[in-house]
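Please read the points below with the model open beside you.

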Amino acid sequence: MAFGYQILGFGSGVVAAVTEASIEYLCVAGGGGGGYGHYGGGGGAGGYLTNTQVYPLDADTTVTIVVGAGGAGGSGTTSKGTNGDLSSIASGAFSTITSVGGGGGGSRNNSPGGAADGADGGSGGGASYVGSSGGSATAGQGYDGGSTDGSPNTHGAGGGGAGQAGGAGFYGAGVSNLGYGGDGLANDIIETGTDVDYAGGGGGGIPDGYGWSSPGGDGGGGAGSIGAGTAGTDGLGGGGGGTGSAAAGADGGNGVVILRVLTSVYSGTSTNTEAITTDGAYKVLKWFVDGTYDID
């Protein structure tokens with residue numbers, strides 16, 4: 001939340017002028033696409049970063065917002081889902097904040113057993129092929145994708161989310177966490193009275209003959225399925241679901257950037273904002289596409 005510093009002169013009772021304020025931010029990258037094939041891995045969620053950034057009140061600069069698009073689903077037996085694009089907040093007044101796109105889900109026959117299958121990313125993509133490992137997450141931004149065991153007809157593993165690793169994929173009906181997408185994290189920066197979940201991983205694809213879907217993680221993760229998986233949710237950075245048939249994996253969801261600043265220091269100048277709302281003494285700005293905000 002925005003704040004400033006006040007310095008009292010010794011014995012004078014004089015309060016020095018406030019020279020600094022801050023921006024609270026949420027920066028979520030695009031989710032990874034789900035994998036192709038009879039047990040495609042779920043896409044990893046877009047990287048998730050939230051904190052407060054201090055800046056000088058006299059900075060007089062432009063904050064450049066980049067919102068990452070979700071990655072495309074895998075479209076062939078040797079094609080992983082595509083990683084999501086990064087989101088960032090950049091300004092001359094403070095260090096650039098960058099969230100890494102989610103890792104794409106592994107696809108059938110993408111690699112020999114035992115090799116890395118799901119792609120690395122903000123959160124890692126889930127594995128597909130028998131005996132393969134999920135993608136690794138970026139430290140501080142998410143969790144790893146799930147891995148698979150050595151059984152034939154292995155269920156696709158789930159993509160990692162901002163708050164939880166993707167569920168493992170292995171052969172066996174009725175297992176409670178089979179290929180589930182990892183859950184994202186709840187955030188109240190919008191102050192709607194209810195937390196919003198962001199950056200959930202996509203569920204893994206399901207081999208023919210299984211009778212259920214594999215849920216995506218809370219926070220926009222798409223479900224895996226016997227048929228085509230479900231796309232990750234735009235504006236939440238969810239990973240796309242893996243497919244369980246000869247169809248392309250589902251696309252990852254686009255990311256989002258949200259800033260929260262004191263109304264008293266709000267410049268009133270921005271571009272391409274999805275919404276600008278007032279929350280008590282604060283302004284909340286949200287972007288679904290690239291844009292800017294001026295610090296005056």
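Are Arg260 and Glu24 buried or exposed? Arg260 is buried, and Glu24 is buried too. Buried here means under 20% relative accessible area, exposed over 50%, and partly exposed in between, with a 1.4 Å probe and protein chains only.

1. Basis of the model. This is a predicted model: local features need pLDDT of at least 70, side-chain atom pairs count only at pLDDT 80 or more, and totals for chains, interfaces and linings use all residues. Residues are numbered from 1 along each chain as its sequence is written, and side-chain values use heavy atoms, with hydrogens and water left out.

2. Overall make-up. The chain has 12 strands and zero helices. Both are DSSP runs numbered from the N terminus: helices are H or I with at least four residues, strands are E with at least two. Of the 296 residues, 50% count as buried. The accessible surface comes to about 10900 Å², and carbon and sulfur atoms hold 50% of it. Areas come from the Shrake-Rupley method with a 1.4 Å probe; for residues, only the protein chains shown count as cover. Among contacts with a separation of 6 or more, 51% are between residues 24 or more positions apart. Contact means heavy atoms within 4.5 Å.

3. Five strands form an open sheet in the order β2-β1-β8-β11-β10, with antiparallel pairing. Two strands pair if DSSP finds at least two bridges between them. β2 (48-56) and β10 stand at the edges with a single partner strand each, so one side of each has no neighbour in the sheet. Neighbouring strands are turned by 20 degrees against each other on average, direction ignored. Axes are lines fitted to C-alpha atoms, for helices over the stretch in contact, and angles run from 0 to 180 degrees between N-to-C directions.

4. Strand β8. Arg260 is found in this strand. β8 is mostly covered: seven of its seven residues are buried. β1 and β8 pair in the antiparallel sense over five bridges. Within that pairing, Cys27 stands opposite Val257, and Glu24 has Arg260 as its bridge partner. Six bridges join β8 to the antiparallel strand β11 (residues 282-287). In β11, the bridge partner of Arg260 is Val284.

5. How many salt bridges does a search of the whole structure find? The search finds two. A salt bridge is a side-chain nitrogen of Lys or Arg within 4 Å of a carboxyl oxygen of Asp or Glu. One joins the side chains of Arg260 and Glu24 at 3.5 Å, N to O. This pair links distant parts of the chain: Arg260 in strand β8 and Glu24 in strand β1 (residues 20-28), 236 residues apart. The side chains of Asp279 and Arg260 also meet in a salt bridge, at 2.5 Å, N to O. Asp279 lies in strand β10 (residues 275-279) and Arg260 in β8, so the pair ties together parts 19 residues apart in sequence. Salt bridges that share partners join Glu24, Arg260 and Asp279 into one network. Arg260 counts as buried because its relative accessibility is 3%.

6. The other five-stranded sheet. An open sheet of five strands runs in the order β5-β4-β3-β12-β9, with antiparallel pairing. β5 (94-99) and β9 (270-271) stand at the edges with a single partner strand each, so one side of each is left without a neighbour. β9 and strand β12 (residues 291-295) pair in the antiparallel sense over two bridges. Ser270 has Tyr293 in β12 as its bridge partner.

7. A glycine to inspect. Gly241 lies in the loop between β7 (196-198) and β8 (256-262). Gly241 is buried, because its relative accessible area is 0%. Gly241 and Gly202 are 39 residues apart in sequence and 4.5 Å apart in space, C-alpha to C-alpha. Leaving aside neighbours within four places in sequence, Gly241 is in contact with residues including Gly34, Gly222, Ala223, Thr230 and Ala250.
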